[in-house]
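Here is a short briefing for a first look at this structure. Take the sequence and the model together.

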Amino acid sequence: MDHGGIGRDRSTQSFLRDEVKLSESGRLSRNSSKTTARMRHLPSDGARLERQKSGAARGLNGLRFLDRIMTGKEVDAWMATEKRFQQFSSDGKLPREKFGICVGMGEGEFAGELFDALARRKGIDGSNGITLDQVKIFWEDLTNEDLDTRIHIFFDMCDKNGDGLLTEEDVKEVLIMSASANKLSTFKKHAGTYAALIMERLDPDQCGYIEMWQLETLLKSTTSKEKKMNPDDTTDLAKTMIPENYRHPMRKFFSKVFESGLENWKVFWVLFLFWEMNVALFLWKFHQYTLMPSFQVLGYCSCTAKGAGETLKFNMAIILLPVCRRTLTSIRETYLGKQLPVDENINFHKIIALAIVIGTVVHTIAHLGCNFIRLSRCPPDQFNRVFGGLFATQPSYMDLVLSIPGYTGIIMIILMSVCFLFATSSFRRNVVKLPHPFSNLAGFTSFWYTHHLLIIVYLLFIAHGYFLVLTTGWYRKTTWMYLLLPMLCYASERVLTTDHIMHVDTIKATIYTGNVLALYMTKPSGFRYKSGMYLFVQCPQISRFEWHPFTITSAPGDDYLSVHIRTLGDWTKALREEFAKAFEPPAEGNLVKQETNSLKEPQPKYPKIYIKGPYGAPAQHYSHYNVLLLIGLGIGATPFISILNDLLQQLKQSGGTLDKRAYFYWVTREQGSFEWFKGVMDEIAEHDHDNIIEMHNYLTSVYEEGDVRSALISMVQSLQHAKDGVDVVSQSRIKTHFARPNWKKVFQSLATTHEGSKIGVFYCGTRALTRQLKNLCKEHSQQSTTRFDFHKENF
């Protein structure tokens, strides 16, 4: 006997023995025979040794095979299952490969093995499929409220030969199935190692097998520890009373309006000023033309057209200001920046574009549908009396259409229609799938190029306003006056500020799982930025004209610049391919550490890269708060990695003390995503001894706690983390949670922990989560003394 092996894990062995002693039916020793093990799986109730159900219930509470089926709506769920049976069955029988879909579990090897285990338990031959009645029998087992039954089904899946023993190969097979069901490709590759870890823990005597009760005990203890260690497992705050302002419907309505006004006052006052200016300009011009001689012929048609035209001049001028990024970055930290909603610049840009569309439609209809008709059909004597000094002869309808104001207007409408169409979210994000040969038209590149058609539009707009017939005198033709200052401001940023366009050398490039390209570049002299800012990148080998924005992921104190680029569009795909030509994939291992150690080594010849920036973003306001809640979805973690890097540097410089607290929640659906910032996570775990920076990684591809498909993965995760402090999912020191966070509990926990504090909530990700987080900020700011300030950045 290997006494060294027993000594290695004497505490585990003692713990397991103590658990067995709790059994009401008798004591099971470590040397139980195979016969005793088999007895627990005999169908006879008298022969089977009864497990202690209460102990298992404490540890495996909620163990389930189906997604939240035990909700009191089992009848509805079974009706849906019957419907899917009719859809997928053939000749009244459901094949094995469709069983998972039928019961709502999904396809895959795991569902197939579950089918086999249920068939063995019931003595049913399922080789040719099963009937609806047999599906009902399987369904009743899966949804049985008796936890012991569900545990036995899980064990039967592992123990295929039914002898009550699990070998290392059996454990490995179940781990591979679990990894496939949860889309954990890296975990799947190391399934053999993790199976050996389980055997080492449960089989210190090296018998070559483990018994079912041992696996159950470890699952129970692992789940119990998870419940204690989970920081999100907080108790809901009780609502003991409803505020007085919310008891009456009308009071509730006005209270919400008032609160919304306080929260969005910057946006409201700018929008009020914007629409007020539009209305004022329209009414002023409208009134002017009621006093003109032309009113006798054209009536209110000319008043309407000219009023809409005046708003077009104003809107075509100010639409350039929200995209003057350098100007906005300069005023962001000033007093003016505190009064203006600079973070909403793109939304304001879109609102102005909407106003331009409205003004264009009104202006065009008033001219083509009324003014041109009245001018061409006006009696000659009246025409000569009113317009004699402006026209040599009375024009026809087509003469007016083909005049300089006429055809410039038509060309502008065509160009603006193309520009606005490709700027819509569906085209810009390549959601629209056009037929060949137009399949390459949608995408960011098309949006970028078509948007530059506006240069032609502005030139035509100036010509359109200068050659007006009813207005005489250059000083009365005011189009150029509206456009002069904004166009100079915008042109200076795009053309004249050449000192902000810098060539950088690529020190290191790495392509990660999930099509993410990480670029580490030299830092230009004098390039100063704050964490959360972004820069523009240009690669001349792809296009000499295209600039694309990416968040800076390096810290301000680093001697290099880094960006992480997700290949989602045509330009980013081309950039990845260009770097892939010079990039040799690193060997398996710590990819991020290899990058860090190789920053100053001689590198292959990479494509040329130019950068422009830096530019301001909402995340740079993090320094205004002592408590931070940082939430990133997928690649949306990039602005927060820079912030965490900055906080980590401050932590090192201060000797481990910091007057800030940061909570970082990173939610991703791909296991490989954790490779992007693995080095940062390890450094934080190594240097942050006081837990100043709390990191919570969530992998949504893994089924949440309690699901049988992730039970063994949770167990291996706890064993591995306890052994060497490394998480089996992220391969870092930060432990990964499964499924999605309970955001309500996260906010409740922070409101309780930091009573009376002001917490900056920063979110970067898709729009889907924006409203929920914003509402939670508002709700918990009202219900507690903690104030949550919400900042967002969508992509």
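The protein chain has a mean pLDDT of 78. Of its residues, 80% reach 70 or more.

**Confidence**
- Among the elements of the protein chain, helix H17 (residues 300-318) has the highest mean pLDDT, at 94.
- Helix H1 (residues 3-8) has the lowest, at 36.
- Across residues 1-61 the pLDDT is below 50. The model still gives this stretch 97 contacts beyond near neighbours in sequence.
- Residues 586-600 also stay under 50. Here the model has 26 contacts beyond four places in sequence.
- Where pLDDT is low, the predicted coordinates should not be read in detail.

**Helices H20 and H23**
- The axes of H20 (residues 345-377) and H23 (residues 404-423) come within 12 Å. They cross at roughly 150°.
- An angle over 145 degrees counts as roughly antiparallel, so H20 and H23 are roughly antiparallel to each other.
- The crossing of H20 past H23 is left-handed.
- H20 makes the contact through Ala353, Ile356, Val357, Thr360 and Thr364. H23 contributes Ile413, Met416 and Phe420.
- Six residues of this contact are nonpolar, two are polar and none is charged.

**Thr506**
- Thr506 lies in strand S4 (residues 506-512).
- Thr506 counts as buried because its relative accessibility is 12%, and buried means under 20%.
- Leaving out residues up to four places away in sequence, Thr506 touches Leu519, Tyr520, Met521, Phe579, Tyr606, Pro607 and Ile609.

How values were computed: Residues are numbered from 1 along each chain as its sequence is written. This is a predicted model: local features need pLDDT of at least 70, side-chain atom pairs count only at pLDDT 80 or more; totals for chains, interfaces and linings use all residues. Side-chain values use heavy atoms; hydrogens and water are left out. Axes are lines fitted to C-alpha atoms, for helices over the stretch in contact, and angles run from 0 to 180 degrees between N-to-C directions. Helices (H or I, at least four residues) and strands (E, at least two) are DSSP runs, numbered from the N terminus. Angles under 35 degrees count as roughly parallel, over 145 as roughly antiparallel, 65 to 115 as roughly perpendicular and the rest as oblique. A crossing is left-handed if the near helix is turned anticlockwise from the far one by less than a right angle, and right-handed if clockwise. Contact means heavy atoms within 4.5 Å. Ala, Val, Leu, Ile, Met, Phe, Trp, Tyr, Cys and Pro count as nonpolar, Asp, Glu, Lys and Arg as charged, and the others, Gly among them, as polar. pLDDT is the predictor's confidence in each residue, from 0 to 100. Buried means under 20% relative accessible area, exposed over 50%, partly exposed in between (1.4 Å probe, protein chains only).
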